[in-house]
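Please read it with the sequence and the model side by side.

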Amino acid sequence: MEYSLIEGRFDPPAEAAVVDGLSANLGVTLPKDYTNFLRKHNGGEGFIGDSYIILFKAEELVEFNREYEVEKYAPGILLFASNGGGEAYGFDTNDVEMPIVRIPFIPMERQSADAIARDLAGLFSTLKDLK
């Protein structure tokens, strides 16, 4: 799958060792499409249609989720991106299919998580179609 931004840029690939160790460091097996994305683009930011997205670097995921106390306020959600404003995107790790959810930073509550895509390609498609 090729991902693209209208404006902005993707970062260079993540180091293989970082991606390989990410699931162990996070305590959850990440979706293959996401780890493949990191092997090509270690995060980045820009517009998908009219929607802005900041995709976190592989090295930042553990610390970002820890600092925002995601497991405390939204158990089972693993954040990997944000819209640069008040919302984040994450995987629902309590669901075997790990859909992508949109969740507000404030208040960050699991019940506020809204499933918006089945995978990373679906997220890009959803954001592209938002007006």
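The model is predicted, and its local features are given where pLDDT is at least 70. The largest pocket has a volume of about 210 Å³. Its lining is made up of 14 residues, and those closest to its centre are Leu26, Asn65, Glu71, Ile77 and Leu78. Four elements, namely helix H1 (16-26), H3, helix H4 (70-73) and strand S4 (77-82), each supply at least two residues of this lining, and H3 gives the most, with three residues.

The second largest pocket has a volume of about 160 Å³. It is lined by 13 residues, of which Ser4, Ile48, Phe124, Ser125 and Lys128 lie nearest its centre. Strand S2 (44-48) and helix H5 (120-129) are the elements that give two or more residues to the lining of this second pocket, with H5 giving the most, at four residues.

Which residues touch the most other members of the largest nonpolar core? In this core of 41 residues, they are Ile53, Leu79, Phe80, Tyr89, Ile100, Leu120 and Leu123. Strand S4 gives the most to this core, with five residues. For Leu120, once its neighbours within four places in sequence are left aside, the contacts are with Tyr3, Asp33, Tyr34, Phe37, Phe80 and Ile100; among these partners, Phe80 and Ile100 are also on the list of residues that touch the most other core members.

Asn65, one of the residues closest to the centre of the largest pocket, is found in helix H3 (residues 61-67). Is Asn65 buried or exposed? Asn65 counts as buried because its relative accessibility is 9%, and the cut-off for buried is under 20%. The side chain of Asn65 reaches the backbone nitrogen of Leu79 at 2.8 Å. With its neighbours within four places in sequence left aside, Asn65 is in contact with Val70, Ile77, Leu78 and Leu79; of these partners, Ile77 and Leu78 are also listed as closest to the centre of the largest pocket.

Asn42 has its place in the loop between helix H2 (32-40) and S2. With a relative accessibility of 5%, Asn42 also counts as buried. The side chains of Asn42 and Glu59 are joined by a polar contact of 2.9 Å. Leaving aside neighbours within four places in sequence, Asn42 is in contact with Asp11, Pro12, Pro13, Ala14, Lys57, Ala58 and Glu59.

Val19 lies in helix H1 and is buried, with a relative accessible area of 4%. How far apart are Val19 and Glu59 in space, C-alpha to C-alpha? They are 8.6 Å apart, although 40 residues apart in sequence. Beyond its neighbours within four places in sequence, Val19 is in contact with Ala14, Thr35, Leu38 and Arg39. Ala14 is also one of the contacts of Asn42.

Technical notes
Residues numbered from 1 in each chain as written. Predicted model: local features only at pLDDT ≥ 70, side-chain atom pairs only at ≥ 80, totals over all residues. Heavy atoms only, no water. Buried < 20%, exposed > 50% of the residue type's maximum accessible area, 1.4 Å probe, protein only. Polar contact = N/O pair within 3.5 Å; in protein donor to acceptor, adjacent residues only side chain to side chain. Contact = heavy atoms within 4.5 Å. 1 Å grid on protein atoms, 1.4 Å probe; cavity = no way out; pocket = protein on both sides within 12 Å on 5 of 7 lines; lining within 4 Å. Points joined across faces, edges and corners; volume = space filled by probe spheres on them. Core = buried A, V, L, I, M, F, W, Y, C linked by side-chain atoms within 4.5 Å.
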